[in-house]
Amino acid sequence: MLYLVGLGLGDAKDITVKGLEAVRRCRRVYLEAYTSVLTVGKEALEEFYGKELILADREMVEQEADSLLKEADVSDVAFLVVGDPFGISEAVLE
């Protein structure tokens, strides 16, 4: 299962309860890191979520999206997005 999780705009605690639950049960967690700027560091997110985050830069999102989706076919994967998850770049959804 692939979870698109919105992080809010300013703090590690802006994530919803359901979003946090999804993140904590996922095998891998990607942090979209090229279309928006988060005002809190990756380390603070990792500490609060209790998970290692994999930075998903532009190259990864555009070139490796198929492998991420294949991985989500066999295990839970989260893709974290600053703000609203439905406002993500179309490159992510292509």
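Trainee: Which elements do the buried residues of helix H1 pack against?

Mentor: They pack against strand E1 (2–6), E2, H2 and E4. Contact here means heavy atoms within 4.5 Å; buried is under 20% relative accessible area, exposed over 50%, and partly exposed in between (1.4 Å probe, protein chains only). Helices (H or I, at least four residues) and strands (E, at least two) are DSSP runs, numbered from the N terminus. This is a predicted model, where local features need pLDDT of at least 70 and side-chain atom pairs 80 or more, while totals for chains, interfaces and linings use all residues. Residues are numbered from 1 along each chain, and side-chain values use heavy atoms, leaving out hydrogens and water.

Trainee: Which residues of H1 are buried?

Mentor: An α-helix has 3.6 residues a turn, so residues three or four places apart point the same way. In H1, the buried ones are Gly 19, Leu 20, Ala 22 and Val 23. They line one face, because they fall within an arc of 160° seen down the axis, taken from the directions from axis to C-beta atoms. Val 17 and Lys 18, on the other side of H1, are exposed.

Trainee: How many residues does the largest nonpolar core have?

Mentor: In soluble globular proteins, nonpolar side chains tend to be buried together. A core is a set of buried Ala, Val, Leu, Ile, Met, Phe, Trp, Tyr and Cys residues joined through side-chain atoms within 4.5 Å. The largest one here has 17 residues, and Leu 7, Val 23, Leu 45, Tyr 49 and Leu 80 have the most contacts inside it. H1 (17–25), E2 (28–32), H2 (42–49) and E4 (77–81) each supply at least two of its residues. Apart from this core lies another, of nine residues, including Val 61 and Phe 79.
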